[in-house]
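Welcome, and thanks for taking a look.

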Amino acid sequence: MNWSELRGKLEFGDFLIPFYTAVFVRQFFWGWDNSLAWTATSTVTILLWTLYFHTKANVEVRTPRVFWLVVGLPLFFIYAIRAPFPDLSFDVLNHRLIQSERALQWAPFFSNDFFPTIFPFNPSPDMLMGIGRMALGYRLGTIINLMVLLWVGTILYKVLGPFIQNAHWRSLGVLLILFTEHTLFQINNYMVDLLALPLLLEATRLALRFDRTQHPLRDLLFSGALLGIATGLKLTNIAMVLPIIGIFVFRQFGKRLSIKVFATALLSLLLFFLPLLPHAIYIYRETGNPFFPLYNNLIRSPFWPPISPGDGRWGPRGLAETVLWPLMSLFVPGRLSELGVYAGRLSLSVLAALVCIFLPRTDPKIRLMAGVILCGSILWSAVSGYIRYVLFLEILGGILLLYLSYHALMFAKNRARALRLSTAGLPLLLLSTQVGASLVYALQIEWSMRPTLLTNPASYFTETQWLLRDRELSTFLPPEAKALFGSVDAWIVSGIKTNGIQALLRNEIPMLAIHNPEYFDTSESRKRFEKTLNNLHGKRLYSLVLSEDIDAAGDSIVKRGLESGKKTSIRLPFFSHRTYVHMTLIEVRLAAQFQCRDEAIEIRQALPEDAFKALISVRAPPTIIRSGERATLDVSITNISDYVWPVRGQEDGRYYINVGNSWLSATYETLNNMDGRSTLLRNLCPAQAVEIPLTVTAPSSRGDYILEIDIVQEGVAWFKDKGSETLRLRVRVE
């Protein structure tokens, strides 16, 4: 292909396609040496990009220069007013950064990691953002969101062509469509919800013209890949993908299904699943659930309780709200997202879709688009109801509002000018009002709550000096902090909003998260944690937490059988000598009560769940006892867990580990479980046994009884309640 042919096919979005391709191709080489993996990734990506251009048709509609002035400049302004301030959003520090840092260099989990991020979803969108960060630095790494919105704009320019001919007005229409509050909130941070928008929109455009396309096979295959990548970028996009697939099915309905068409549909389906496979296979091998931890009530991973995670703060509650949520959400913005603001675009979109469905002489393509909005909004309500996951339908809704204005103008073209303008102006007025509210919101708040050029110009210009000079967080650290972090062998994640910073400081070392309780609800997960800890025996473990969260972090450390050592306060410069994060570096070690040693250990908490395992026997067990008689039994207990049982508890008796007995009836009903008690004589290490005298008192009534001997941690539980086997002896009381 020569330059003239390439130029005839080349569009703005084509420059971004290789990056989208690369992050999915890279997943096929997880586990390879990083340099070799990226060499293979680059080679395959170039081949696929070349194949794409060989099959692509010449561009029919060119984006004019006025587009870049009318659309590009306002979007760039919104991007630029916060760009020099580094992004400190909750989700970014909690899992976005670590997802990209891990997956770009090796795989989602490094050797000796223990679920460093609570939801190890497909990291492809974070990898895409990470490429920008590595190339341009932390601040400008977010520029891909601006590029993506411009790509969306170029597609919208084509879609609006049939009913807005003038390039200036069409470009203004594109700008109005793109100005929703949550697109503007994310334009310059590391949130990833914008990345799928051009893929979904281009697939929709191809689906709408599928009945008249000159290249049906190519369009179907390309759409399959686009929709598969969009689903890989965020699984909740399936609510948008299914209605788009429905358009392709509708376009083909009633036509003869030839072998060629059937084969193309199967190949398109394969291209849809291909981007999803590497991560699904990888996470299935790691956890036993290809969507881990989603749908764990159906696909049981042993590392998560049998539930599907969800957040009851957002979205509809009940069937009726699910159906009405796209409209009723206008009145409860606090249940749409953490920011609690909503300019109403989705509600307008659904109303516009209903009008377009029933409006006479509506363009068939517009009616299909309305169907996508209605079906997609219901699916979105059922899946989440969270506003960031429905941006695509807000984009489509903007198209419908502009179409309704055009339709009204054409319908009333022979009427009075005032009537014509008022009829056509109503949809535009609603859209403009929503755009105005979105702009006000975007100038005031966003996910990281950063200031803007308008609110803090002095700090803004101070921060610009670090543009393109902020690739490594370590370059902002003083020498003593570098030395301190350089001594860390493994990270313990004991608080929220810290694993991202830990990954930026030392990404090559293992990371063990202990603050996510779900990962300690199952025996297999606890065993995995203990095995990981054992692999790090003798290593220097540290936890870096926000100073405000130090108490919660300390509780998490204690709960996991660990203890805090030296604490060092750190004023961490976050890619800036103006923006500081106040943190504490905590030395973490195996708690003294769980280290096997001779000197007496005191326990100050409940034993770990897997420590309640014992083997019990009695030398010369009695078979007959006189009523009310006191008898002393020689009870042998063996610690068959992987934990030490400390000899001491608290002064008030709590947490002591005692041997005790209960008297049961012949039918196993508990009659008395407060009979004998004997304490440990020493610390009992794993696999060790000790013989302890236990004095029991026979019931006062004659009959057949069962003497049950067990171990109890006072104030916590009997071992049998945690699954341990008791010793039961049949005894005749005379």
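Let's begin with a charged pair: Glu463 and Arg139 form a salt bridge whose closest N and O atoms are 2.5 Å apart. The two residues come from distant parts of the chain, 324 residues apart, with Glu463 in helix H20 (residues 457–463) and Arg139 in the loop between helix H6 (124–136) and H7. Please keep in mind that this is a predicted model.

- Glu463 counts as buried because its relative accessibility is 0%, under the 20% cut-off.
- Arg139 falls under that 20% limit too, at 2% relative accessibility, so this residue also counts as buried.
- Arg139 has a further salt-bridge partner in Asp470, with 2.9 Å between the closest N and O atoms.
- This pair again links distant parts of the chain: Asp470 sits in the loop between H20 and H21, 331 residues from Arg139 in the loop between H6 and H7.
- Asp470 is buried, with a relative accessible area of 0%.

**Other salt bridges**

- How many salt bridges does a search of the whole structure find? The total is 35.
- One of the pairs is Glu708 with Lys720, where the closest N and O atoms lie 2.9 Å apart.
- Glu708 belongs to strand E13 (residues 703–713), while Lys720 lies 12 residues away in the loop between strand E14 (717–718) and strand E15 (727–733).

**A closer look at Lys56**

- You will find Lys56 in the loop between helix H3 (34–55) and helix H4 (65–80).
- Lys56 has a relative accessible area of 8%, which is under 20%, so this residue is buried.
- A polar atom of the Lys56 side chain lies 2.6 Å from the backbone oxygen of Lys9.
- Leaving aside residues up to four places away in sequence, Lys56 touches Lys9, Glu11, Asp14 and Arg218.

**Helix H10 and its cover**

- Helix H10 (residues 197–208) has 12 residues, which at 1.5 Å a residue should span 16 Å; the end C-alpha atoms are 16 Å apart, in agreement.
- How many of the residues of H10 are buried? The count is 12 of 12, which leaves the helix mostly covered.
- The buried residues include Glu202, Thr204 and Arg205, along with Leu197 and Pro198.
- Among the elements covering the buried residues of H10 are helix H2 (17–25), helix H7 (143–159), helix H11 (216–233), helix H12 (238–252), helix H17 (364–383) and helix H18 (391–411).

**A mixed five-stranded sheet**

- An open sheet of 5 strands runs in the order E2-E1-E3-E5-E4, with mixed pairing.
- Strand E2 (511–513) and strand E4 (562–573) each have a single partner strand, so one side of each has no neighbour in the sheet.
- On average, neighbouring strands of this sheet are turned by 30° against each other, direction ignored.
- Strand E1 (residues 490–493) and strand E3 (residues 541–546) run parallel and are joined by 2 bridges.
- Ala490 has Leu541 as its bridge partner in E3.
- Helix H21 (residues 479–486) packs on the sheet, where it touches E1, E3, E4 and strand E5 (580–590), and its direction makes about 150° with that of E4.
- Helix H24 (residues 550–559) packs on the sheet as well, touching E3, E4 and E5, with its direction at about 150° to that of E4.

Terms used
Residues numbered from 1 in each chain as written. Predicted model: local features only at pLDDT ≥ 70, side-chain atom pairs only at ≥ 80, totals over all residues. Heavy atoms only, no water. Pairing = 2+ DSSP bridges. Helix = DSSP H or I, 4+ residues; strand = E, 2+ residues; numbered from the N terminus. Axes fitted to C-alpha atoms, helices over the stretch in contact; angles between N-to-C directions. Contact = heavy atoms within 4.5 Å. Buried < 20%, exposed > 50% of the residue type's maximum accessible area, 1.4 Å probe, protein only. Polar contact = N/O pair within 3.5 Å; in protein donor to acceptor, adjacent residues only side chain to side chain. Expected span 1.5 Å × (residues − 1). Salt bridge = Lys/Arg side-chain N within 4 Å of Asp/Glu carboxyl O.
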